[in-house]
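Hi everyone, thanks for coming. I'll walk you through one structure today, so please have a look at the picture first.

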Amino acid sequence: MSPEQAQQSPLGAFVAVVGPSGAGKDTLIRLAARHFARDDGFHFARRVVTRKADPEAEDHAEIDEAEFERRQDARDFALSWRAHGLGYGLDRSLLSRVSHGQTVIANISRRQIGDAAAVFPRLAVAHVVVAEPLLVERIVRRGRESREAAVERARREAPLELPRAVWRVAEIDNSGPVEQGLGRFLEFLEACQPKV
């Protein structure tokens, strides 16, 4: 995008994809990224995580604890947080993408929605949900937790609380075939694009 185009572009949006572990957020994001691969109005953010990269789950950038701390101290992240003993970060360059009219999509912790609202001038939230029995099955299938722990995790999910600053929100039910959830997700992303 040229500087002239950037000056004429309306403000973009940051779409925070949230929901319980096992709801299929990464799958929806990966399929949406493929769908919009030729449309540079959308940018799918690659998170920085202090965990070994696993393309089967999420194609994140692997980083060690020392580098994560250094980047956090240097304010290299637009957003950063800790969950499940890991550090997560989103690069500052995403702020520029939004200001130049792109719709940026990222999987974040629901606890970071307030911070995201303070950082991004136009915040949308895609809340991915699934029926509890299905959520339990998906968590168990990943092999990280027992069935009892998976049931406890699924029941621990608190209701989504959103700050007033949220621009748009959609609940994406991902309980059925992935094509259905993906269709709802794509429709919401298109609704979040700036109108020229």
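Predicted model: local features only at pLDDT ≥ 70, side-chain atom pairs only at ≥ 80, totals over all residues.

Okay, the overview. The chain has 196 residues, and 43% of them count as buried. There are eight helices and nine strands in it. If you take the contacts with a separation of 6 or more, 68% of them come from residues 24 or more positions apart. The accessible surface comes to about 10,800 Å², and carbon and sulfur atoms own 47% of that.

Let's go to strand β7, residues 103-107. Is β7 enclosed or open? Well, five of its five residues are buried, so the rest of the structure largely encloses this strand. Now look at where the side chains go. In a regular strand they alternate between the two faces of the sheet. Here, Thr103, Ile105 and Asn107 point one way, Val104 and Ala106 point the other way, and all are buried.

Who are the neighbours of β7? Strand β1, residues 13-18, pairs with β7 in the parallel sense, over five bridges. Strand β2, residues 42-44, pairs with β7 in the parallel sense too, over three bridges. Keep your eye on Ile105: it is the bridge partner of Val15, and it is also the bridge partner of Phe44.

Next, a sheet made of four strands. It's an open one, in the order β4-β3-β6-β5, with mixed pairing. At the edges sit β4 (61-62) and β5 (77-83), and each of these pairs on one side only. Helix α3, residues 65-73, packs on this sheet and touches β3 (48-49), β5 and β6; its direction makes about 135° with that of β5.

Last stop: Val49, which lies in strand β3. Why does Val49 count as buried? Because its relative accessibility is 0%, and the cut-off for buried is under 20%. What does Val49 touch, if we skip residues up to four places away in sequence? That would be His60, Ala61, Glu62, Ile63, Leu86, Gly87 and Tyr88. Take Leu86: it's 37 residues from Val49 along the chain, yet their C-alpha atoms are separated by 6.9 Å.

Technical notes
Residues numbered from 1 in each chain as written. Heavy atoms only, no water. Pairing = 2+ DSSP bridges. Helix = DSSP H or I, 4+ residues; strand = E, 2+ residues; numbered from the N terminus. Contact = heavy atoms within 4.5 Å. Axes fitted to C-alpha atoms, helices over the stretch in contact; angles between N-to-C directions. Buried < 20%, exposed > 50% of the residue type's maximum accessible area, 1.4 Å probe, protein only. Areas by Shrake-Rupley, 256 points an atom, 1.4 Å probe, with all protein chains shown as cover.
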